[in-house]
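Dear colleague,

Please find below the structure I am handing over to you, followed by an account of what was found in it.

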Amino acid sequence: MTKTLFKNAKVFTGKNESFEAFDFVVDDQTGNFTQEEAVDQTIDLAGKYVMPGMINAHTHIVADPYSQIAQLGSPDSTAPTSTFLALTNLQKLLSDGVTYIRDVGSVAEVDIELSALERKGEFLAPGIMASGNPLAMTGGHFSEGSYEVDGVDEVRKYARFLLKKGVGNIKLMATGGVSFDGETPHDIQLTESELQAAVEEAHHKGRTANAHAQGTEGIQNALRAGVDSIEHAVYLDEETIAMFLQRGTYIVPTLAAPWAMIQEANQLPEFMVRKSLELSEAHSQSIGNAAQAGVPLAMGTDSGTAFNNFDQNSSIEMELMVNAGVTNLQALQAATINAANLLQIEKQTGTIEADKLADFIILDDNPLENIKALQAEKSVYKKGKKVK
């Protein structure tokens, strides 16, 4: 058992609004920050910047963004293959400074079982809030990797089925999207009443529900249904932003998803590139407008979609948010305290304070001055152990 004092760093705790002088102690046996003053060793971080480990609220850890091993939702996505990908991708996320995730589209209960194993301390990886398979209408967005449900009764039954399996969140498909042909971001898929049934079941169990929603009408359906967060939120008007503010609903932007597709346009199907190009400007503008209006944001990347990697794109997502009009402080809050509040893990992580998980990043430069500081070399600690 070793207690380590980290001193002389400038620290963003998640609750302050700037990097301030702050010494902290880590107990490597409990894996927590502690208030104890008696320490075994001291690490001098003079000239360094420290922040909580990032929380990525939208991943697909069983996916291969390069489609070299298996494509999410395809018959090749067997349990062994998906588990291998998940374990590999979790370590890549950790290397980028991500110490907790919410996975929102898995197969074969891989995210559920890995979440339980990580909580037991069987392996060192980002903490996982699992969603299992999403709920989609028959033939809807990502239907091959989802439970296909039609009507309120089926939605309610499968929501209960997921909760029985142990998910912490239920993922719902409210609209079409970019990655699949034959649909658009504006298509209405699960109806408001179907969405509401799943949300009710999740909330009865104290769990969360989120919705993939890109077009305005589908976003509004999901908001009225009471979801905890909207993923993507591509097309927002003033009325829709006001609905977010009235309900306190979070947006998880995932700007990295279309950005990654546009970077590799020559390697992707025409329909995917076309839809990414069509929505890219509106997506950035919507996120910027929402942030400026005060809508709470939680960082998420949609990593696992085409060329949307796990080892860099959480840091890149932060830059894309700032480029869209999100302040540097809002971006840091989105990746720490806000995401923890959304995932209902704020008692465990999201801030640097006693009795919470000792998950933190050490940086050479101040990301409040230059958000790209997160993309540079960094030291990463998970449960008090240095992993990079």
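Helices α3 and α4 are roughly parallel to each other, because their axes cross at roughly 30° and angles under 35 degrees count as roughly parallel. Please note that this is a predicted model.

The helix pair

Helix α3 spans residues 152–165 and helix α4 residues 192–204, and their axes come within 8 Å. The crossing of the two is right-handed. On the side of α3, the contact is formed by V152, V155, R156, A159, R160 and L163. Helix α4 contributes S193, E194, A197, A198, E200, E201 and A202.

T184 lies in the loop that runs between β13 (169–173) and α4. With a relative accessibility of 33%, T184 counts as partly exposed. Leaving aside residues up to four places away in sequence, T184 touches G176 and G177. T184 and H141 are separated by 43 residues in sequence, and their C-alpha atoms are 9.5 Å apart in space.

Strand β13 itself is mostly covered, with five of its five residues buried. Both of its faces are covered: N169, K171 and M173 are buried on one side, and I170 and L172 on the other. Five bridges pair β13 with strand β14 (residues 208–213) in the parallel sense. Within this pairing, K171 has N210 of β14 as its bridge partner.

The three-stranded sheet

An open sheet of three strands is also present, with the order β8-β9-β10 and parallel pairing. Strands β8 (54–59) and β10 (127–129) stand at its edges and have a single partner strand each, so one side of each is left without a neighbour in the sheet. On average, neighbouring strands of this sheet are turned by 20° against each other, direction ignored.

Strand β9 (residues 98–103) runs parallel to β10 and is joined to β10 by three bridges. Y100 stands opposite G127 of β10. Helix α1 (residues 79–95) packs on this sheet and touches β8, β9 and β10. The direction of α1 makes about 135° with that of β9.

With kind regards

Definitions and conventions:
Residues numbered from 1 in each chain as written. Predicted model: local features only at pLDDT ≥ 70, side-chain atom pairs only at ≥ 80, totals over all residues. Heavy atoms only, no water. Pairing = 2+ DSSP bridges. Helix = DSSP H or I, 4+ residues; strand = E, 2+ residues; numbered from the N terminus. Axes fitted to C-alpha atoms, helices over the stretch in contact; angles between N-to-C directions. Contact = heavy atoms within 4.5 Å. Parallel < 35°, antiparallel > 145°, perpendicular 65-115°, else oblique. Left-handed = near helix turned anticlockwise from the far one by under 90°. Buried < 20%, exposed > 50% of the residue type's maximum accessible area, 1.4 Å probe, protein only.
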